[in-house]
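Here's a quick tour of a few spots in this model, from single residues up to a sheet and a helix pair. Have the viewer open and follow along.

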Amino acid sequence: MATPFNAQFDQHGRWRRNFARRLQQLREWLDSHELLDAAVAERLQRLQAQVQGDKVMVAFVAEFSRGKSELINAVFFAGYGRRLMPAGAGRTTMCPAELAWEPERAPSLRLLPVETRAHASSLAEWRLRPEAWQQLPLDVDDGAQLAAALARIAEVRRVPLAQARAWGFWQDPAQDDAQPVADAQGLVEVPAWRHALINLPHPLLQDGLVILDTPGLNAIGAEPELTVGLLAQAHAVVFLVAADTGVTQSDLAVWRAHLHAGDGAALSRLVVLNKIDTLWDRLSTGQQVHAQIQRQRRAAAETLGLPPERVLPVSAQKGLVAKIGADAALLRASGLMPFEQALSDGIMGQRQGVLRLAVESGVAQLQAEVQRRLTIQRRDLDDQLAELRSLRGKNAGVMASMRARIEQEQAEFDASAARIQALRAVQARMQQTLLQAASGDAIEDGLAPLRAALARGGLKLGARQAYATAFEQLHGTVERWLTEAGELQQMVAASFRALNAEFGFSLQASAAWNVQSLARDVAQIERGYLHYLGLGHALRLAQAGHSQRLTRALAERLTAVFASAGQEVTLWSHAALAQLDAQWAERKRSFTRRIEAVDRIQQAASSLVERIAELDAAERHLTALQQQLAQLCAQLLAPPAPQPAPAAHDPTPVL
C-alpha cells in the first residue's frame with residue numbers, strides 16, 4: 001500500500017542514484033577527452049560526496065507511552081507485516097535509538113551500556129570505541145528475529161536512586177511528580193542502555209534517511225548530546241501527544257525544554273495528536289467524533305504556539321494494522337496518510353529542495369570550469385589558425401621570424417612561473433591562518449571561561465555570565481575569521497586579474513563560499529544552548545558529569561561548524577590553484593604545438609594546408625564537445641518522474 005512519505009523518499013533516492021550514475025558517465029567522458037584536470041576532478045568528487053553523503057534525520061519525541069515507536073512502525077516498517085520497534089502499553093523505548101544504514105557495516109544492533117554515563121566522554125567519543133558497545137547481528141530476512149533483537153532496546157535495570165541520580169536521572173527532588181517509585185529494596189528502574197545504533201538495510205535508510213526514536217523527558221534531559229546535538233540537527237522533529245488527554249504538563253515540559261520553536265524552528269516541527277481511536281465511540285456520530293478531534297487539535301496548537309495545520313490527528317496503531325491488512329478504509333480513518341503527506345511535502349520536500357539547489361550550483365560551477373578549459377583551447381586554435389593563414393605564400397625568412405616571435409612569447413610566459421609560485425606561498429599562508437583560527441584548540445580556548453565556571457562545585461550561578469563571555473570571545477574569533485576569509489578571496493581575485501592582464505590567462509575566481517553561514521551557525525548554537533544554563537536546569541548543572549558532558553557536546557558542535565567552514569576554504573583554495581595549474585599547462589602545450597607546426601611547415605610546403613585543415617577540424621570538435629557537455633550537465637539535473645499525490649482525508653472513523 002503506497003504512502004506519500006515512502007513514495008517521495010524513494011523518488012528522491014532514485015534521483016540520487018541516477019545522479020551518481022550520470023556523474024560517473026560525465027567523469028568518464030571528461031577523462032576520454034582529456035578534460036579531467038585536478039580542478040574538475042575535485043568538483044566531481046565534491047558533488048559525488050554531497051549527494052551520496054546527504055542524510056535526512058527525522059526525530060520522534062514525546063513523553064512515555066505516546067506512541068512514538070508505533071508511529072515509526074506504521075510509517076516505515078509496515079512492510080515487515082509486524083512491529084519491529086518495541087511498542088505497547090507502558091514504557092517501551094528506554095534509550096535513544098538511531099536507525100540508519102552504513103553499507104560498510106553488517107546489519108546489527110549496537111547497545112551502549114548505561115554505566116558509560118559515569119564517564120564524562122561524549123557519545124561521539126564512545127562511537128569511536130566499538131569495544132564499549134554490545135553488538136547483536138540482525139537477520140534482515142527474518143522479521144521475528146529482528147523484532148526480538150530490537151526488543152532489547154526496552155531493557156531496564158534496577159539500581160539505588162542515588163546511583164540513578166549519579167547517572168543523570170531524576171536529579172531534581174523538587175519535582176515530586178517526576179520522581180520514580182522505589183521498590184521494597186529501595187531500587188528504581190533505569191534504562192539498561194545509554195544509546196542504541198540500529199544498522200538496517202531498509203530501502204529508505206539506504207537512501208539516506210536517519211530515524212531517531214527518543215525516550216521520555218527524564219531520559220532526554222539526562223543526555224546533553226542528545227538534546228543539544230542530535231535534536232538540534234534533525235531536519236524534522238515529530239512531537240507526539242495523546243488525543244484523549246491533550247497536551248499534559250509533562251508534554252509541555254518536553255516541548256518547552258527541548259523543542260521550543262523559536263528562530264524559525266517551527267517549520268521543522270510537526271505535532272501528532274496520536275491515539276485518536278480512543279475517541280472513536282459508537283454512541284457518537286462520525287461528525288461528533290470529528291468535531292471532538294478538531295477541538296483537541298486546536299487546543300494542542302494553541303498550547304504549543306503552532307498553527308493548527310501543523311497538528312495532525314493520527315492513530316498510529318490503526319494505521320499500522322491497516323497497512324498490514326491492506327484495509328484502505330481503516331487507513332483513511334487513521335489519519336496516517338495526511339501525516340505522511342505533511343512530512344514528505346513540507347519538511348522532506350524542503351530538505352530535498354535545499355540539496356538540489358546546492359547540486360545545481362555545483363553542476364553550474366563544474367560546467368563553467370570545463371567550459372573555460374574548452375574556451376582556452378578554442379582561443380589557442382584561433383591564434384594558431386591566424387598565424388598559419390598569414391603564412392600562405394610567405395618565404396622561409398618570414399617563417400623563421402614567426403618561430404622566433406613564438407619563442408619570445410614562450411620565454412615571457414615562463415616568467416609567470418615565479419608569480420604563480422609567489423601566489424601559492426601567500427595563499428597557503430593565509431589559508432593556514434584561517435584553518436588555525438577554526439581549529440579545536442581555538443574553540444577550547446574560547447570555551448575556557450565556561451568550562452572553568454562549570455567545573456566549580458555546587459550550583460553554577462555564574463554559568464550564564466561565563467557562557468556569555470565565552471561566546472563573546474567566539475564571536476570575536478568568527479569576525480576575525482570572516483575578515484581574513486574575505487581578504488583571501490580578494491587576494492586571489494586580484495592575483496588572477498593581474499595574471500590575466502600580464503600573461504594572457506583567462507582565470508576566474510570561483511564563486512565565493514558563504515562565509516556568513518559560520519556567524520549564523522555559531523549564533524544559532526549560542527541561542528540553542530543558553531536554555532540549558534537557566535534555573536530550570538540548575539540542579540542538573542550541579543552534577544559534575546552532566547556539566548562536563550554539556551560542555552563536551554557544545555565543543556563538538558562548534559568544532560563541527562568551524563571544521564565545515566575550514567573545509568569550504570580548503571576546497572575553494574584547491575579549486576583556484578587547480579584552475580591555475582590547468583591553464584598554465586595548457587598554455588605550455590600550446591606554445592609547443594605552435595613551434596612544432598612552424599617547423600613542419602618549413603620542412604614541407606604541403607604541411608601548411610594540412611595543418612590548417614587539422615585546426616579547422618579541431619575547432620569543429622570543440623564545438624561538438626561544448627554541446628555534449630551542456631547535454632551531460634542538463635541530464636545531471638533532470639528531475640525524477642513526478643508521482644501523483646493521494647488526496648488528503650479527514651481522520652473520521654468508520655462507525
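## Ala-148

Start with Ala-148, which sits in helix α5, spanning residues 143–150. Keep in mind that this is a predicted model. Is Ala-148 buried or exposed? Its relative accessible area comes out at 51%, and the cut-off for exposed is over 50%, so Ala-148 counts as exposed.

For a sense of how the chain folds back here, pick Leu-84 as well: 64 residues separate Ala-148 and Leu-84 in sequence, yet their C-alpha atoms are 8.2 Å apart in space.

## The sheet

Now zoom out to the open sheet, which has nine strands with mixed pairing. Reading across, the order is β4-β3-β7-β2-β8-β1-β9-β10-β11. Which strands stand at the edges? Those are β4 (134–137) and β11 (311–313); each has a single partner strand, so one side of each has no neighbour in the sheet. From one strand to the next, the twist averages 20°.

As a bit of background, strands in a sheet pair through backbone hydrogen bonds, in either a parallel or an antiparallel way. Here, β1 (residues 56–61) and β8 (residues 209–213) go for the parallel sense, over five bridges.

## A helix across the strands

## Two helices side by side

Next up are α18 (residues 463–503) and α19 (residues 516–530), whose axes come within 10 Å and cross at roughly 175°. The cut-off for roughly antiparallel is over 145 degrees, so α18 and α19 get that label.

Who makes the contact? From α18, the residues include Arg-464, Tyr-467, Phe-471 and Trp-481. The α19 side includes Gln-516, Leu-518, Val-522, Glu-526 and Tyr-529. Sorted by class, the contact of α18 with α19 has twelve nonpolar residues, plus two polar and two charged ones.

## Glu-619

Last stop: Glu-619, in helix α22 (residues 606–636). Its relative accessible area is 18%, and buried means under 20%, so Glu-619 counts as buried.

Which residues is Glu-619 in contact with, leaving aside neighbours within four places in sequence? They are Arg-378, Leu-381, Asp-382 and Leu-385.

Notes: Residues are numbered from 1 along each chain as its sequence is written. This is a predicted model: local features need pLDDT of at least 70, side-chain atom pairs count only at pLDDT 80 or more; totals for chains, interfaces and linings use all residues. Side-chain values use heavy atoms; hydrogens and water are left out. Helices (H or I, at least four residues) and strands (E, at least two) are DSSP runs, numbered from the N terminus. Buried means under 20% relative accessible area, exposed over 50%, partly exposed in between (1.4 Å probe, protein chains only). Axes are lines fitted to C-alpha atoms, for helices over the stretch in contact, and angles run from 0 to 180 degrees between N-to-C directions. Angles under 35 degrees count as roughly parallel, over 145 as roughly antiparallel, 65 to 115 as roughly perpendicular and the rest as oblique. Contact means heavy atoms within 4.5 Å. Ala, Val, Leu, Ile, Met, Phe, Trp, Tyr, Cys and Pro count as nonpolar, Asp, Glu, Lys and Arg as charged, and the others, Gly among them, as polar. Two strands pair if DSSP finds at least two bridges between them.
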